[in-house]
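Subject: A structure for you to look at

Hi there,

Here is the structure I promised to pass on. Please open it next to this email, and then read on for what turned up in it.

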Amino acid sequence: MFEEPYRDRQEPTDERYRYSFYSNGLGTAIHAKTLADLPSPGQSFADLFMHGTPREAEKSGAATPSDGSAVPGAAGLANKSSVGSANGISSTLPQEDEEESNTWWLDVLCPTDDEMRLLSKVFGIHPLTTEDILMEETREKIELFRNYYLVCFRGFDQDPYSPTHLEPLNMYIVVFREGTLSFHFHSTNHPQNVRRRIKQLKDYINVTSDWISYALIDDITDAFGPLIQSIEYEVDNIDELVLILSPDDRSDMLRRIGTCRKKVMGLLRLMGNKADVVKGLAKRCNENWSIAPKSDIGLYLSDIQDHLITMTQNLNHYEKILSRSHSNYLAQISIEMTDANNQINDVLTKLTALGTILVPMNIVTGLWGMNVHVPGQDVPGFAWFGGIVGVLVLFALIGIFITYRFMHRH
């Protein structure tokens, strides 16, 4: 049901847009196949990340990697004068009141080792974080570092050809004060859903890096809802039908119970310790730590935690119902088999009683059916024959009477 944690990753192909960049200054998303394609002509990476729009050359002071090079090195992201210090474009950051208007978000699909090495160098990402991302760490967790915090969260990708196969989908969210980096190794709709949500709510919310990380976690959590709802309907149907279906219609019930239990156990494994991770992130939402999420994000995270706890409790409840339905199904099958055995035993008892009566009579008739002298065969008339038949009939009546008394006594 689940793939192995260490596997060969898909190599990035040129046909896919692996980089998606969003900035409040832009108001829209930029999709690119390589990192070098993100800036528009005449725009530097510093302008893209800090302002979203091109600035004058003398103000930017950085070359634009528009020659199509795959790795924008010294002329692009790695230039300290254009990108800032190692903590990720922090030397020329705007003031705190302007932080929201310049919040950026870079989503990366299937990063290569060279790309992760470059991004880690430019944004000051710790080697442990880089290792977790490249090795596709499956354990969900929250870690705080000097200039950012890391959230490892796990979703799923359902196979359309297998209703019970749920492939884990790991999302790694690196949150700075100025922006957010997100990494994943499978195509997913979560970043697109978050960008659509930002577009709908940008007039009512403050789109900060903390809010973007919350929105990603919330969208991954919401993806479990429809599947859990379908499981609830299936569990209710199984619970109602397991005791009322006729034997002819019950042949498929065991398969339905097994399939549903497989879904429930798969979701319980995916849910894992999500609630603990979100709770740990919410507990760090205070103003004492500069890199930790702001306190107002804690309200959103508490709402996610409530949803996760509710979904986990529902799945545990469904598992108990399915376990009870499974036991009821097996008990009903056992009762039906017992009834069938009792009917067979009743028939065998009657056949045994009949055999008890007929076997002695068959012995008597068979004894004189051989080539031996039969008593009274030399006497004319049917007196001996009638007497022998009468004795057999009397023996049969006595056997029937004894069998009747015995059966009614027991």
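Let's start with the inside. The largest nonpolar core has 54 residues, and Phe-224 and Leu-301 touch the most other members. A nonpolar core here is a set of buried Ala, Val, Leu, Ile, Met, Phe, Trp, Tyr and Cys residues joined through side-chain atoms within 4.5 Å. Buried means under 20% relative accessible area, exposed over 50% and partly exposed in between, with a 1.4 Å probe and protein chains only. Among the elements that give two or more residues to this core are β5 (149-158), β6 (166-175), α9 (224-241) and α10 (253-271). Helix α12 gives the most, with ten residues. Helices (H or I, at least four residues) and strands (E, at least two) are DSSP runs, numbered from the N terminus.

Before we go further, a word on the source: this is a predicted model, where local features need pLDDT of at least 70, side-chain atom pairs count only at pLDDT 80 or more, and totals for chains, interfaces and linings use all residues. Residues are numbered from 1 along each chain as its sequence is written, and side-chain values use heavy atoms, with hydrogens and water left out.

Which residues does Phe-224 contact, leaving aside its neighbours within four places in sequence? They are Arg-154, Gly-155, Phe-156, Leu-267, Leu-270, Met-271, Lys-274 and Met-311, where contact means heavy atoms within 4.5 Å. There is also a second, separate core of 29 residues, including Val-108 and Leu-181.

Now the overall picture. The protein has 13 helices and seven strands, and buried residues make up 40% of its 410 residues. Of the contacts with a separation of 6 or more, 65% are between residues 24 or more positions apart.

Next, have a look at helices α7 (residues 190-201) and α8 (residues 209-222), which pack at an angle of about 120° with their axes 9 Å apart. Axes are lines fitted to C-alpha atoms, for helices over the stretch in contact, and angles run from 0 to 180 degrees between N-to-C directions.

Cys-110 lies between β3 (104-109) and α5 (113-123), and its phi is near 50°, a positive value in a residue other than glycine. Cys-110 counts as buried because its relative accessibility is 2%. Glu-136, in the loop between α6 (127-134) and β4 (141-144), has a positive phi too, near 55°. At 5% relative accessibility, Glu-136 is also buried.

Enjoy exploring!
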